[in-house]
Amino acid sequence: MYQHIWQGIQHGISDGSYAPYQARRFYRQLQGIRNRAAWEERSGQYDSQDINYRLQSLHDQMHVAHQRGHDRLDQQQQYNNDWNRGQRW
């Protein structure tokens, strides 16, 4: 799941649907979950259900941000198309 989320962040950056601050926030959240899982494992208190819940929650947040990013990009493209159409003589 970690790799899937990492790749999802990379995808959001490459297609422009994530703003840089969003990608940094997602990277920090992922790293925090990994750190927590490592600490839990070292301390003998690993809770796979909690870690999976956190990963799924981050994944869900990323999907919402990705869709909103695409909606924003689509609106910008439509605005640019409308503006360019109005500029033709």
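First, the ground rules. The model is predicted, so local features need pLDDT of at least 70 and side-chain atom pairs count only at pLDDT 80 or more, while totals for chains, interfaces and linings use all residues. Residues are numbered from 1 along each chain as its sequence is written, and side-chain values use heavy atoms, with hydrogens and water left out.

On confidence, pLDDT is the predictor's own score for each residue, from 0 to 100. The protein chain averages 92, and 97% of the residues score at least 70. Helices here are DSSP runs (H or I, at least four residues), numbered from the N terminus. Helix α2, residues 20-43, has the highest mean pLDDT of the elements, at 97; helix α3, residues 48-87, has the lowest, at 89.

Now helix α1. Residues 2-14 make up its 13 residues, and from first C-alpha to last the helix reaches 18 Å. That is close to the 18 Å expected at 1.5 Å a residue, where the expected span is 1.5 Å times one less than the number of residues. Which residues of α1 are buried? Ile5, Ile9 and Gly12 are, where buried means under 20% relative accessible area, exposed over 50%, and partly exposed in between (1.4 Å probe, protein chains only). They lie on the same side of α1, because they cover an arc of only 65° around the axis, taken from the directions from the helix axis to the C-beta atoms.

Glutamine 10, also in α1, is partly exposed at 35% relative accessibility. Its C-alpha is 9.8 Å from that of tyrosine 27, 17 residues apart along the chain. Just after α1, glycine 16 has a positive phi of about 80°.

Last, charges. A salt bridge here is a side-chain nitrogen of Lys or Arg within 4 Å of a carboxyl oxygen of Asp or Glu. How many does the whole structure hold? The search finds three.

Arginine 36 pairs with glutamate 40 at 3.1 Å, N to O. These two are four residues apart in helix α2, so about one helical turn separates them. Glutamate 40 is buried at 4%, whereas arginine 36 is partly exposed at 37%.

Arginine 36 also meets aspartate 50, at 3.2 Å, N to O. This pair links distant parts of the chain, from helix α2 to helix α3, 14 residues apart. Aspartate 50 is buried at 18%.

Arginine 54 bridges to aspartate 50 as well, with the closest N and O atoms 2.9 Å apart. Through shared partners, Arg36, Glu40, Asp50 and Arg54 form one network.
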